[in-house]
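Good morning, and thank you for coming. I would like to take you through one protein model, region by region. Please keep the structure in view as I speak.

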Amino acid sequence: MQPDQTSGAVRVLSIDFAKAFDKLPHKVILSAISDLKLPVETVSWIKDFLSDRLQRISINNSSSRWCSVPSGVPQGSVLGPHLFCAVIASLHPACPNTRFIKYADDVTALHFLRETKDDNLQLEFDHICRWSENAGLPLNSSKSAVMDIVTKSTIRLQPLVDDEGAVLPSVTSLKTLGVTFTSNLRWDEHCKDICKRASKRIYAIRNLKRSGCAIESLLKVYRLTIQSLLTYCHPCCCNMSQACLDSLSKVEKRCLKIIARNSNKPLPPFNTLRTAILDCCERLFQNVLRQNNHRLRTLFDHRNPTPRNNSTLRKPKCHTARLKNSFVKFCR
């Protein structure tokens, strides 16, 4: 089946653990580390790193008494996130049509189905609840949510219920790793969020301009603080509408107008937003082309290279504008 053909529905479950980094028991961490079959010396060193930790609060000249810390990973340390990832790695899907996306304490479950009878997300959610209880990581049901992307009108989906009988919120948009996804697969909400966050950073350029900062330096500040935000994860949403692209360009025009104000010299050459966006998508395709085990290679058809074209990938047949305008357009 082509990747952009109607396939039924995708249920996206976003899991939120209540104070995950603070409540993770040390015994669970040590058990997960032992399962990794690390050297005994390494496990002993980590155990010593976690054991007998104390903390107190100091305000001005007053301090509380020392208290033991029986749980949590030391935040601010290099080892802390790795210890948490070692624990979360033991969470695996219970259903074959579920995929997990895990990044630190952010866990997102993708549940694929073609018919109503294939909907086993409640079983998957119950499995996650049991795992979280055994791991000492209580779920925050009020902040967990499910978003349904339905492309088949005959599919009927049931709401999710937690152990206490509360129904999980059903939303039309979810933000994952800084990218806002919507149930209608449009990028308007993501674009609106990015523009709002980028607009808040313009004051820095305005203040630097008033201080007499050079144009070259102002352009560097713009590229580092604003353009990097406007192009964040853009290969994911490079098929956004022209209206969304225009709103992103509007933010850039505001910045360039401030930078060029009261200057008799033209702006030096630099990569504009649209050029930076194309470069991001081009780099993604080149990575897919170079790496035989890249996950996105499944979107392309494979071909034998020829003297005129040494590429091993062929652009897939695009049945929708969404796929046609994505980064696959760089496959020639």
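This is a predicted model: local features need pLDDT of at least 70, side-chain atom pairs count only at pLDDT 80 or more; totals for chains, interfaces and linings use all residues.

At 28% relative accessibility, Cys-318 counts as partly exposed; by definition, buried means under 20% relative accessible area, exposed over 50%, and partly exposed in between, with a 1.4 Å probe and protein chains only. Residues are numbered from 1 along each chain as its sequence is written, and side-chain values use heavy atoms, with hydrogens and water left out.

How many disulfides does the structure hold? The number is zero, where a disulfide is a pair of cysteine sulfur atoms within 2.5 Å. For Cys-280, the nearest cysteine sulfur belongs to Cys-281 and is 6.6 Å away. Cys-280 is buried, at 15% relative accessible area. For Cys-318, the nearest cysteine sulfur is that of Cys-331, at 9.8 Å.

I turn now to helix 2, which covers residues 26–35. Helices here are DSSP runs of H or I with at least four residues, strands are runs of E with at least two, and both are numbered from the N terminus. The buried residues in helix 2 include Val-28, Ile-29 and Leu-30. What do the buried residues of helix 2 pack against? Their partners are helix 3 (40–50), helix 4 (79–88) and helix 5 (121–135); contact means heavy atoms within 4.5 Å. Lys-27 also belongs to helix 2, yet Lys-27 is exposed, with a relative accessible area of 67%. Between Lys-27 and Lys-47 there are 20 residues in sequence and 9.2 Å in space, C-alpha to C-alpha. Just after the helix, Lys-37 takes a positive phi of about 60 degrees.

That brings me to backbone angles. Most residues other than glycine have a negative phi. Leu-177, although not a glycine, has a positive phi of about 55 degrees. Leu-177 sits in the loop between strand 9 (173–176) and strand 10 (179–182), and its relative accessible area of 38% makes it partly exposed. Leu-185 has a positive phi too, near 60 degrees, and is placed in the loop between strand 10 and helix 6 (188–199). At 34% relative accessibility, Leu-185 is partly exposed.

Next, the aromatic rings. How many aromatic pairs are there? The count comes to five. Rings of Phe, Tyr and Trp (its six-membered ring) pair if their centres lie within 6.5 Å; planes under 30 degrees apart count as stacked, over 60 as edge-to-face, and the rest as tilted. Why is the pair of Phe-300 and Phe-327 called edge-to-face? The ring centres are 5.8 Å apart and the planes stand at 70 degrees, so the pair is edge-to-face. The two residues are 27 residues apart: Phe-300 is in the loop between helix 10 (273–290) and strand 11 (301–302), and Phe-327 in the segment after helix 11 (321–324). Phe-300 is buried at 3%, and Phe-327 is buried at 5%. Ring pairs join Phe-285, Phe-300 and Phe-327 into a cluster.

Finally, please look at Gln-227, in helix 8 (residues 215–230). Is Gln-227 buried or exposed? Its relative accessible area is 7%, so Gln-227 is buried. Beyond its neighbours within four places in sequence, its contacts include Glu-252, Phe-270 and Ala-276.
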